[in-house]
Amino acid sequence: MAARAFPVHAQEPRGYEAGIEALATLADPSFAGGGISLGLRPGGSIRIVLTATPGVLRNRIAARGELLAELMLTPAKRRGVGIYGLAGVAGQVGRRDAGRLVLGLGIEGAPAAGSGWHLEAGLGGGVRIAAGWRWRWLRHNQTRMP
């Protein structure tokens, strides 16, 4: 019996992202700010995001930086809503310097489209909430498999 192989196409978006974000942590003291994010999509379901957020902590100027790894459930989805989990570390400078672990969930509009919104909730120096917009420069590689 002869078997015939047929091509199967797998899409793995790869590329870069940049965005703006509003972020708040609800704790004592609470932090609120707005900043920028840079992301790397190496392929598959992973996204690595670095954020820099100047803001306010107890009426004084402060800043927060985060390095997050995100696991996207539908990275190639060009329409609709995608869900992702996030984990990483945050550093905060200002009135009270601190390092934090971050853990949460996010949703975003069309994870593989040219741009889209995102909302996140979780823990990281108190309850952490974030919202923003990302611009994406992705390549949708097609891999042939026998």
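This is a short talk on a few residues in the structure above.

A caution to begin: the model is predicted.

R60 sits in strand 4, which covers residues 60-72. How accessible is R60? Its relative accessibility is 48%. Exposed would need over 50%, so R60 counts as partly exposed.

Stay on strand 4. R64 belongs to this strand too. Is R64 buried or exposed? R64 has a relative accessible area of 3%. The cut-off for buried is under 20%, so R64 is buried.

What does the side chain of R64 contact? One partner is E66: the two side chains make a polar contact at 2.9 Å. Then there is G124. Its backbone oxygen lies 2.9 Å from a polar atom of the R64 side chain.

R60 is partly exposed, at 48%. R64 is buried, at 3%.

Now to strand 3, residues 46-57. V49 is located in that strand. Its relative accessible area is 4%, so V49 is buried. How far is the C-alpha atom of V49 from that of G88? The separation is 9.4 Å. Along the chain, V49 and G88 are 39 residues apart.

Notes: Residues numbered from 1 in each chain as written. Predicted model: local features only at pLDDT ≥ 70, side-chain atom pairs only at ≥ 80, totals over all residues. Heavy atoms only, no water. Helix = DSSP H or I, 4+ residues; strand = E, 2+ residues; numbered from the N terminus. Buried < 20%, exposed > 50% of the residue type's maximum accessible area, 1.4 Å probe, protein only. Polar contact = N/O pair within 3.5 Å; in protein donor to acceptor, adjacent residues only side chain to side chain.
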